[in-house]
Amino acid sequence: VIKGFAYIQFSQESEAQKALSFDRTRQEGRVIIVQECKSVKDIEQSTVHVNNIPRSVNEEDLNQLFSSCGEIEKVKLVRDEHGKSKGFAFIQFAKTEGLESALNL
């Protein structure tokens, strides 16, 4: 299964900074998003992937819906190169308990 994202760890800060310069560039016909992140382990243990989101839903709607599960650090609604929702998002909670609560909705 291709999920359309990857985590890359660089050995030097200068290499990571060079990679960040590719943010929002077109590669093989697709616009890529390159962002700096904290520990992959922390992100994986506190982030939920939400599918089948109506195209009319925005980040604020998702924040309101999932805030009852716990403190939210980041809501990333994935959008195409025209800024339109692709119908899925990543909700990153401050603690793993937030993720567990969201999975029980």
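Hi everyone, let's start with a helix: α4 lies across β3 and β5, running at about 30° to β3. Axes here are lines fitted to C-alpha atoms, for helices over the stretch in contact, and angles run from 0 to 180 degrees between N-to-C directions. Contact means heavy atoms within 4.5 Å. Helices (H or I, at least four residues) and strands (E, at least two) are DSSP runs, numbered from the N terminus.

A quick word on the model: it is predicted, so local features need pLDDT of at least 70 and side-chain atom pairs count only at pLDDT 80 or more, while totals for chains, interfaces and linings use all residues. Residues are numbered from 1 along each chain as its sequence is written, and side-chain values use heavy atoms, with hydrogens and water left out.

Now the sheet. In what order do the strands of this open sheet stand? The order is β3-β5-β4, 3 strands with antiparallel pairing. β3 and β4 are at the edges with a single partner strand each, so one side of each has no neighbour in the sheet. On average, neighbouring strands are turned by 15° against each other, direction ignored. Two strands pair if DSSP finds at least two bridges between them.

Let's take the two pairings in turn. β3 (residues 47–50) and β5 (residues 85–93) are joined antiparallel over 4 bridges. Along that pairing, Thr-47 has Gln-92 as its bridge partner, and Val-50 has Ala-89. β4 and β5 form a hairpin with 5 residues between them, and Gly-83 in the turn has a positive phi of about 85°.

Please find Val-75 on your screens, in strand β4. Is Val-75 buried or exposed? Its relative accessibility is 18%, so Val-75 counts as buried; the cut-offs are under 20% relative accessible area for buried, over 50% for exposed, and partly exposed in between (1.4 Å probe, protein chains only). Val-75 stands opposite Ile-91 in β5. Not counting residues up to four places away in sequence, Val-75 touches Glu-59, Leu-62, Asn-63, Phe-90 and Ile-91.

Next, the core. The largest nonpolar core has 15 residues, and those with the most contacts inside it are Val-48, Ile-53, Leu-62, Phe-66, Ile-91 and Phe-93. The elements giving two or more residues to this core are β3, α3 (59–66), β4, β5 and α4 (96–103). Such a core is a set of buried Ala, Val, Leu, Ile, Met, Phe, Trp, Tyr and Cys residues joined through side-chain atoms within 4.5 Å. In soluble globular proteins, nonpolar side chains tend to be buried together. Beyond four places in sequence, the contacts of Val-48 include Phe-93, Leu-99, Ala-102 and Leu-103. The other helix here, α3, lies across β3, β4 and β5, at about 140° to β4.

Ser-46 belongs to helix α2 (residues 40–46) and is buried, with a relative accessible area of 4%. Among its contacts beyond four places in sequence are Ile-91, Lys-95 and Leu-99.

Last stop: the structure holds 1 aromatic pair. The rings of Phe-88 and Phe-90 have centres 6.2 Å apart and planes at 80°, so the pair is edge-to-face. Rings of Phe, Tyr and Trp (its six-membered ring) pair if their centres lie within 6.5 Å; planes under 30 degrees apart count as stacked, over 60 as edge-to-face and the rest as tilted.
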